[in-house]
Amino acid sequence: MMRLVERKVKYGPAFWPLLNNGEHITLDVVEDGRRQATALTGVDRRAARLSGERRGYFACFAAEDRPDAVGLLAAGMAEWQRGQGMRSLFGPVAPDGSGFGMGVQVAGFERPSALLNPENPAHYDALLTAVGFHAETNWLSYELTMDALRGRRYPEAADWARRRSGIAVAAADPLRSRRDCERLWRAMGITDRICMDEFADQLARLTPWLDPRLTLVASRDGAPCGMLLGLRDRKTGAVRIATAHIDGHARRAGALVCLIGGMLQGLEAVRPTRLTAGVIDSENAASLAVARGAGGTLAQVFRQYTLLC
């Protein structure tokens with residue numbers, strides 16, 4: 001007989017900072033002593049207070065191809081969230097706060113997953129939608145090549161844009177320089193959503209993959225106006241262009257080509273064995289422009305969902 005059981009969370013708040021922000025549990029669906037489905041679900045009280053939304057989250061979802069088990073799991077999460085005063089839940093999220101490893105893969109299974117992307121069986125999307133989850137956010141991963149980047153003559157275009165608009169691009173080392181960390185924070189356009197110290201903590205969790213040659217800040221008249229962040233796997237040599245943000249006025253002034261030109265110089269120095277861009281929110285125009293402007297080919301799609309409680 002199938003039953004729903006609560007299990008102690010494997011990692012504490014020190015490892016998964018999101019758990020500091022509110023109540024959380026892990027639920028398992030068990031049948032004949034075997035786990036058929038599992039997920040962590042919780043409430044981020046800080047985010048709810050800032051946004052005004054009564055929405056919880058779920059993470060660490062895994063399941064056999066059993067709609068009945070996932071349906072029982074979804075019902076258990078929804079009931080628990082209602083007890084916390086929430087009206088819906090969203091996920092899968094990344095409980096470590098890094099922003100990586102979120103969602104489930106729904107397309108591109110013929111390719112190996114890129115650095116820090118989730119990996120899961122192909123049946124997850126059908127399972128979640130079958131029990132009432134609705135797709136909310138698609139995240140896109142692009143495959144790039146150095147030859148395609150070189151062929152687009154970005155260094156020459158970047159030189160022209162710099163002379164025309166005065167945009168400067170510089171490498172940043174936010175782990176060693178507080179000033180660089182602050183410039184990157186301002187360049188990402190998130191000063192109204194996250195404090196400087198919290199941003200520094202999030203960057204620290206990316207220490208194994210951060211490389212100053214691939215961490216770029218664009219500025220105009222001394223003020224940060226854009227950024228481009230690449231992550232490098234030192235073991236495999238793979239590089240992932242993870243995120244970009246460019247102010248609208250700076251983008252029109254040529255900040256995009258300046259940042260890609262600077263990234264190309266960094267990539268020539270590290271010589272990646274594989275190059276990807278993403279995952280990118282399908283509504284993030286700046287990051288999509290970087291991936292497509294660099295000649296990227298859509299390779300994988302990841303998805304996050306909402307369930308009404």
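Begin by selecting C60, which is partly exposed because its relative accessible area is 36% (buried means under 20% relative accessible area, exposed over 50%, and partly exposed in between, with a 1.4 Å probe and protein chains only). Before going on, keep in mind that this is a predicted model, in which local features need pLDDT of at least 70 and side-chain atom pairs count only at pLDDT 80 or more, while totals for chains, interfaces and linings use all residues. Residues are numbered from 1 along each chain as its sequence is written, and side-chain values use heavy atoms, with hydrogens and water left out.

C60 has its place in strand β4 (helices, H or I with at least four residues, and strands, E with at least two, are DSSP runs numbered from the N terminus). The phi angle of C60 is near 55 degrees, a positive value in a residue other than glycine.

Next, select β4, residues 55-63, together with strand β5, and you will find that the two pair in the parallel sense over four bridges (two strands pair if DSSP finds at least two bridges between them). Strand β5 covers residues 88-93, and six of its six residues are buried, so the strand is largely enclosed by the rest of the structure. Within β5 lies P92, and the peptide bond that joins G91 to P92 is cis, with omega about -5 degrees.

Now move to P118, in the loop between β6 (104-107) and α3 (124-130). Is P118 buried or exposed? P118 is buried, with a relative accessible area of 15%. Leaving aside neighbours within four places in sequence, P118 is in contact with G101, M102, G103, Q105, S113 and F302 (contact means heavy atoms within 4.5 Å). The C-alpha atoms of P118 and M102 are separated by 6.7 Å, although these residues are 16 apart along the chain.

For the last stop, select helix α5 (residues 154-165) and helix α9 (residues 255-270), which pack at an angle of about 135 degrees with their axes 8 Å apart (axes are lines fitted to C-alpha atoms, for helices over the stretch in contact, and angles run from 0 to 180 degrees between N-to-C directions). To see where they meet, show Y154, P155, A157, A158, A161 and R162 of α5, and V257, C258, I260, G261 and L264 of α9, the residues that make the contact.
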